[in-house]
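Dear colleague,

I am handing over the structure below, and after it I set out what was found. Please read the notes alongside the model.

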Amino acid sequence: MGTIEVGTASWTDKTLLDSGWYPASADTPEKRLAYYAKQYRVVEVDSTYYGPPAEQTSKLWAQRTPDAFTFNIKAFSLLTGHPTRVSAIYKDLRPETDKKNIYPGDLPAQAYEEVWTRFLAALDPLAEAGKLGAVLFQFPPWFGIRRSNKDYLLEVAARCKPIVPVFEFRNATWFEGDNQAETLDFLRTHKLAFVGVDMPQGHKSSVPPVLAATSGLAVVRFHGHSDKWTSKDIHEKFGYEYSRDELAGWAPRLRELAGEADTTHVLFNNCYRDFAQRNATEMIELLENVEGD
């Protein structure tokens, strides 16, 4: 049985700070991260999707957490083909354009390569401290199953090496009919880590809750089941708290998954107030009960 580490996709969300989850004594970013790291052994950093991190920030994260703590970093939006704000690009690499958002093809090839280099270099302090778990590549809804996209997964893995990339799809074609077996076989063949998700169904970005270990690291992300999934308001989109019964149904599945991987990361992305933290703590309790049966 591999290890299971449970955590959340944020420790700095404003609504979390307002919820009272942190004690009054945790009144600085450093103290809040230290408090979080006493509760959980892994955290996902999603802010890096909106703007690439600074190396100094990674260094502080590494310094402020215990040895066994792990950070998963969400890949910068440009690297997954999402529209990216021009203002989020490194200043000296920004193209001269009237566009508010750009795509990889809008950058000169050399500038695009430099974005990759700087993004990964900024993670060096975490890697050197043994605290970098993986980089999450969450692809957009139009990233469907086809040869060119499979090739891009291989390209990402080559670029990241020795850093571990993990892949989350938001296009159902990867899982339709025989495609699901093809997708998982492809990932296993190339030792690429798959991210299973629990999310609202019936939307363009919806994928089924498939769990699979395709490499030594398995990842499951819980996005909730908000009925406002398409809202532009991120707190409406993720404002969903799982019931204990819902989580109890997942615990045996997660234990089974952990039996097929060296390490399994379970991350709650329902980041509104302390919903994610409460659900993460409940899941830890439930997994301990499953283990003890």
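Asp-92 counts as exposed because its relative accessibility is 54%, where exposed means over 50% relative accessible area, buried under 20% and partly exposed in between, with a 1.4 Å probe and protein chains only. Please bear in mind that this is a predicted model, in which local features need pLDDT of at least 70 and side-chain atom pairs count only at pLDDT 80 or more, while totals for chains, interfaces and linings use all residues. Residues are numbered from 1 along each chain as its sequence is written, and side-chain values use heavy atoms, with hydrogens and water left out.

Asp-92 forms a salt bridge with Arg-118, with 2.7 Å between the closest N and O atoms; a salt bridge here is a side-chain nitrogen of Lys or Arg within 4 Å of a carboxyl oxygen of Asp or Glu. This pair links distant parts of the chain, 26 residues apart, since Arg-118 is in helix H5 (residues 109–121) and Asp-92 in the loop between S4 and strand S5 (101–102); helices (H or I, at least four residues) and strands (E, at least two) are DSSP runs, numbered from the N terminus. Arg-118, at 24% relative accessibility, counts as partly exposed.

Arg-118 also meets the side chain of Glu-114 in a salt bridge, at 2.9 Å from N to O, and these two residues both lie in helix H5, 4 residues apart, or about one turn of the helix. Glu-114 is likewise partly exposed, at 29% relative accessibility.

Overall, the structure holds 20 salt bridges, and a network of them links Glu-44, Asp-46, Glu-168, Arg-170 and Arg-221.
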